[in-house]
Amino acid sequence: MIPLSWYLIFAAALFSIGLFGVLARKNAIVILMGIELMLNAVNVNLVAFWRYRAPEMIAGQAFAIMVFAVAAAEVAVGLALFISIYRRRNTVAADEIDLMKW
Amino acid sequence: MTALQIIFILVAAATLGAGLMVVTSRNLIHSALWLVVALFGVAVFYVLLQAGFLAVAQVVVYIGAIAILIIFAIMLTRRIMDEDSPTFNANWGWAVFVALIIFGALTWVLTSWPGISQPMAELSERSDPLRQLGAALVSPSLYVLPFELASVLLLAALVGAIFISWERK
C-alpha cells in the first residue's frame with residue numbers, strides 16, 4: 001500500500017526539477033522540456049487525488065486528458081516558433097531572443 | 001515494506017534522476033532521451049494508480065509524439081550551442097534557490113494537510129473507470145464542452161504551427 005503523500009512529494013520534486021530547468025537553462029528547447037516535466041508532475045497529482053479521494057468521480061482523469069491536449073498544442077506551437085526564430089536569427093538561446101525587449 | 005512500495009521507490013528514483021539529467025545534460029539529444037525515460041516513469045505511476053488509459057495515452061502522446069517532435073526540433077536547430085557556450089544562464093543559483101523553496105513549501109503544505117494520510121479509496125467492483133471516462137468526456141452534463149474546446153485548440157495549434165514555420169519565398 002503506497003501512501004498518498006509519496007505521490008504528492010514525488011510530484012513536487014518533479015515539478016521543482018522542471019522549474020529549475022525553465023529558470024536556469026539557456027536553450028529554449030530545454031526550457032520547453034522543463035515545462036513538459038512540470039505538466040507531468042501536475043498530471044501525477046491529478047490522478048493521485050482522483051484515485052485516493054474520489055475514484056467514483058472521473059474528474060481527475062478527464063482533466064489529465066485536457067492537460068495532455070494542452071501540452072501537445074503548446075509543444076507544437078513552441079517548436080514551430082523556435083524553428084522560425086532559428087531560421088531568421090540563427091539561435092535558440094533564450095537570452096539572445098530579445099527582439100521585443102525594450 | 002511491500003513489493004509495490006519498493007517498485008514505487010525504484011521508479012521514483014529513476015524518474016527524478018532522469019528529470020535531473022534532462023535539465024542538466026549538456027548534449028541536447030541526451031536531454032531529449034532522458035526526457036523519454038522520465039515520461040515513461042510517469043506512465044508507470046499511472047499504472048500503479050490504476051489509470052490504465054492514461055498510461056497508454058502517456059506513452060502514445062508524450063513519448064510517441066511530443067518527445068519525437070522535440071528530437072526533430074533539436075536536429076533542425078543544431079548549432080555549436082551544445083559545445084562551448086554555457087549550459088546555464090547567469091541566474092542558475094537563483095533558479096536552484098527558487099526550485100528548492102517551491103519544493104519545500106509544497107511538501108510542507110501537503111504534509112500539514114489532514115487528508116494526506118487517507119488510505120486509497122476502494123474501487124467498487126461494478127465500476128469501470130475506462131467506461132466512466134469515455135462517457136464523461138462526451139456527456140453534456142460533464143465534460144463535452146472542454147473536450148470539444150481541446151479539439152479546437154489542437155486544430156488551432158496545428159494551423160498556427162504550420163503558419164509560423166512556413167518558409168516564405
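This is a predicted model: local features need pLDDT of at least 70, side-chain atom pairs count only at pLDDT 80 or more; totals for chains, interfaces and linings use all residues.

Where along the chain are you? Q50(B) sits in the loop between α2 and α3 of chain B. Now check the backbone here: Q50(B) has a positive phi of about 60°, even though it is not a glycine. Most residues other than glycine have a negative phi.

Next, zoom out and colour the two chains separately. How many residues of chain B are in contact with chain A? There are 85 of them, and they touch 72 residues of chain A.

The area buried between chain B and chain A is about 7,300 Å², with carbon and sulfur atoms giving 77% of that. To find the parts of chain B involved, select its helices α1 (3-24), α2 (28-48), α3 (52-76), α4 (92-111), α5 (129-138) and α6 (144-165): each gives two or more residues to the side that touches chain A. Which one gives the largest share? That's α1(B), with 12 residues.

Then colour that side of chain B by residue class. You'll get 61 nonpolar, 18 polar and six charged residues on the side touching chain A.

Last stop: the pairings across the interface. Between chain B and chain A, the count of salt bridges is zero. Polar contacts do turn up, though: seven residue pairs across the interface of chain B and chain A, with both partners at pLDDT 80 or more.

Notes:
Residues are numbered from 1 along each chain as its sequence is written. Chains are lettered from A and ligands numbered from 1 in the order in which they are written. Side-chain values use heavy atoms; hydrogens and water are left out. Contact means heavy atoms within 4.5 Å. Buried area is the accessible area (1.4 Å probe) that two parts lose on being put together, summed over both. A salt bridge is a side-chain nitrogen of Lys or Arg within 4 Å of a carboxyl oxygen of Asp or Glu. A polar contact is a pair of N or O atoms within 3.5 Å; within protein, one must be able to donate a hydrogen and the other to accept it, and residues adjacent in sequence count only if both atoms are side-chain atoms. Helices (H or I, at least four residues) and strands (E, at least two) are DSSP runs, numbered from the N terminus. Ala, Val, Leu, Ile, Met, Phe, Trp, Tyr, Cys and Pro count as nonpolar, Asp, Glu, Lys and Arg as charged, and the others, Gly among them, as polar.
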